[in-house]
2 protein chains.
Amino acid sequence: MSLLVQKYGGTSVGTVERIEAVADKVAGFRAQGHDMVVVVSAMSGETNRLIALAKDIQQAPDPREMDVLVSTGEQVTIALLCMALKKRGCDARSYTGGQVRILTDDAHTKARIQEIDDANMRADLAAGRVVVVAGFQGVDEAGNITTLGRGGSDTTGVALAAALKADECQIYTDVDGVYTTDPRVVDKARRLEQITFEEMLEMASLGSKVLQIRAVEFAGKYNVPLRVLSSFADGPGTLITLDEEESTMEQPVVSGIAFNRDEAKITLAGIPDTPGIASKILAPVGKANVEVDVIVQNVGADNTTDLTFTVNRGDMNKTVDLLSNVVKEIGAREVTSDDAIAKVSIVGVGMRSHAGVASTMFTALAEEGINIQMITTSEIKISVIISEKYLELAVRTLHSAFGLDAEPAQA
Amino acid sequence: MSLLVQKYGGTSVGTVERIEAVADKVAGFRAQGHDMVVVVSAMSGETNRLIALAKDIQQAPDPREMDVLVSTGEQVTIALLCMALKKRGCDARSYTGGQVRILTDDAHTKARIQEIDDANMRADLAAGRVVVVAGFQGVDEAGNITTLGRGGSDTTGVALAAALKADECQIYTDVDGVYTTDPRVVDKARRLEQITFEEMLEMASLGSKVLQIRAVEFAGKYNVPLRVLSSFADGPGTLITLDEEESTMEQPVVSGIAFNRDEAKITLAGIPDTPGIASKILAPVGKANVEVDVIVQNVGADNTTDLTFTVNRGDMNKTVDLLSNVVKEIGAREVTSDDAIAKVSIVGVGMRSHAGVASTMFTALAEEGINIQMITTSEIKISVIISEKYLELAVRTLHSAFGLDAEPAQA
């Protein structure tokens, strides 16, 4: 018998019928003798409906009142789920963030959890009740309602699991686990049995939307075993763990291939190569709240240099406009941009102990005639920027090259 | 400069546009220097939407979870109203019932207020903020969310006014005050400048839906000056007060004419006249949760008696079925029913000190050929049951007979 914290997202509780289905699932686990804490999101669409009401009134709604408003979404779901559980003869009690009490700082709309009081939940669990908690919300010291920001329900689930020292935190979603890559691009993509927190963080930061980055960080920090499963299908999902020595040897070098098409490339050519020039270019970009991802600088032969970096596609034109003045100021030749690019990354903790991963990657791409425009690496990830038209080919090629097409040998 | 508690009902905050209009009104009062506490209901339709969700899951939804669910309706409104106030440069802060803290008993869905902590509200008022409070809700000792039952927002308003010793509690609604009778029936119906708590209670119990009975009782008990006004039009509305000695002398004998068509009449004829017979008849009716209103018993000449009483129209057939057995048991002649009846009442504290009010009423009706089927009286009210077809005529006749058509002389 375990203590399980389960989190069901907005799609999983999007209608009364789906809430009934979640109740079936939870009541089933309870009947098996597990102690159950369930975290739910707002019914899908509800948070957007509430935000639209607020925006009708204030373009930038007051953050404190925004939290009062949107926190009602999860409050509706906890009540409905408890009703559905009781209907099944499964005793249950709902808690808002404030009732738990999930204490946060006072940074409205993006608060951070500071402390969780587990007394009420423990008492209910001891009495055999399922505890149903509103995700995404808490209260500050003064009793003001706070929210953790979008997707914060995952964080609530992980934080409760850490506070209660749960055996597992299970995140139910509309996919049945973490995949080696997007199955819509590579039909041989496979669900991973297991992945490490670090790899998951890289996958998430590369655009895989399965889990919120903050929740993964939190789970890693407190070593909460985290599992991603489907609300709509049975199956073991993907377990996300610390995964130190034990299984690493059996692990493939590369766990997954991530990609995104959300970036655009901006190049300043013919820059006089003087110290501090990169900062002169990138400081105004940062000040305009444009996030820069990959940055590459090449020193040319003629004592000038080229600086290339990527930004979100939506920021490209704004950034080019911004830099047209800078180009004149610093005496550079020109600024050019290209939004037909894509970023493809290989991720795996195995890279730490294996040499030659980068060369395998570059060779595989070269054999398909795919030109690499930029490269950036971290300890467990290598990313390349390529022309967008080669994206699918590149992902399929790398998926094969790193042996992800085949079912792995069972450990 | 006064401390005003204002309450705006569901229709008054039914859309974003109407919430903006309420914000205009409140910001105007604040600009005049008044300390403002505003109580709001859920946007019209919202409570019904939430109840429908619950009923989709449980026919008789768990009361604790029902309160968690429906209390979100008011929470949405407080946030939106605060945003609208801040947009107008009017500082404001929202409070749920639990945040105030409005302490209630634990009778979920029909809780009663036990205590109100005014510390937070006082601090905000002192800081110049408008305090916006969710109506209809509180928390019990254990921190569970409770609700006061439908229409409970009026009660919240009055209770806050009592706790804060406000100068006036103003209930904004979709009518511009309390009328001498329904203007749809009598076009000479006039708004009353003033009415007493007792009269208001009788009017409310007779079907006038302007104010919740509990709120009026509460206001009377704590002597909170209560005013009913329109959210949509300017005007002084109607003031509801204790009104002891001072102005009574100037007051008309009858303040208003109330009526309803919701009742049906049931008669048991030819009942052997033995002690306890009325109880034998009415006990099974009460057990079936049928509410009995007017009861009249006539002893006939032949040692039998007739018992006539009224019930809600919707309960008529059920009650007749129920009594067909009773009729046999007690040896009565027959049970008959009539749903084409109406109740018309005259209400006024002036009756206490004036004789002849009943005879004026009966004479006026007789002169129009209106037959009185039943009569019932209280200290400040006389009600008659008549044929429904005479309802409008009776109301108009009484409205004239008691001098309500004319504007009263200013005191």
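At 42% relative accessibility, Arg352(B) counts as partly exposed, a class that lies between buried (under 20% relative accessible area) and exposed (over 50%), computed with a 1.4 Å probe on protein chains only. Its partner in a salt bridge is Glu198(B), at 2.2 Å from N to O; a salt bridge is a side-chain nitrogen of Lys or Arg within 4 Å of a carboxyl oxygen of Asp or Glu. Because Glu198(B) lies in helix 7 (residues 197-205) of chain B and Arg352(B) in the loop between strand 18 (341-347) and helix 12 (357-367), the pair ties together parts that are 154 residues apart in sequence. Helices (H or I, at least four residues) and strands (E, at least two) are DSSP runs, numbered from the N terminus. Glu198(B) is likewise partly exposed, with a relative accessible area of 36%.

This is a predicted model, in which local features need pLDDT of at least 70 and side-chain atom pairs count only at pLDDT 80 or more, while totals for chains, interfaces and linings use all residues. Residues are numbered from 1 along each chain as its sequence is written, chains are lettered from A and ligands numbered from 1 in the order in which they are written, and side-chain values use heavy atoms, without hydrogens and water.

Over all chains the count comes to 52 salt bridges, including the following.

| Salt bridge | Closest N and O atoms |
|---|---|
| Asp62(A) and Lys86(B) | 3.2 Å |
| Asp182(A) and Arg184(A) | 2.8 Å |
| Glu388(B) and Arg261(B) | 4.0 Å |

Arg184(A) is exposed, with a relative accessible area of 75%, whereas Arg261(B) is partly exposed at 31%.

Between chain A and chain B there are four salt bridges. Asp62(A) and Lys86(B) also belong to a salt-bridge network with Asp91(B), Arg93(B), Asp124(B) and Arg129(B).

The contact (heavy atoms within 4.5 Å) takes 39 residues from chain A and 39 residues from chain B. The two chains bury about 3100 Å² between them, 63% of it on carbon and sulfur atoms; buried area is the accessible area (1.4 Å probe) that two parts lose on being put together, summed over both. Ile57(A), Glu65(A) and Met83(A) supply 23% of the area that chain A buries against chain B, more than any other three residues.

Chain A superposes on chain B by a rotation of 179 degrees with 0.1 Å of shift along its axis (RMSD 0.2 Å), by least squares on the C-alpha atoms of residues with pLDDT of at least 70 in both. That is the relation of a two-fold axis. In chain A, Thr72(A) has the C-alpha nearest the axis, 2.7 Å from it.
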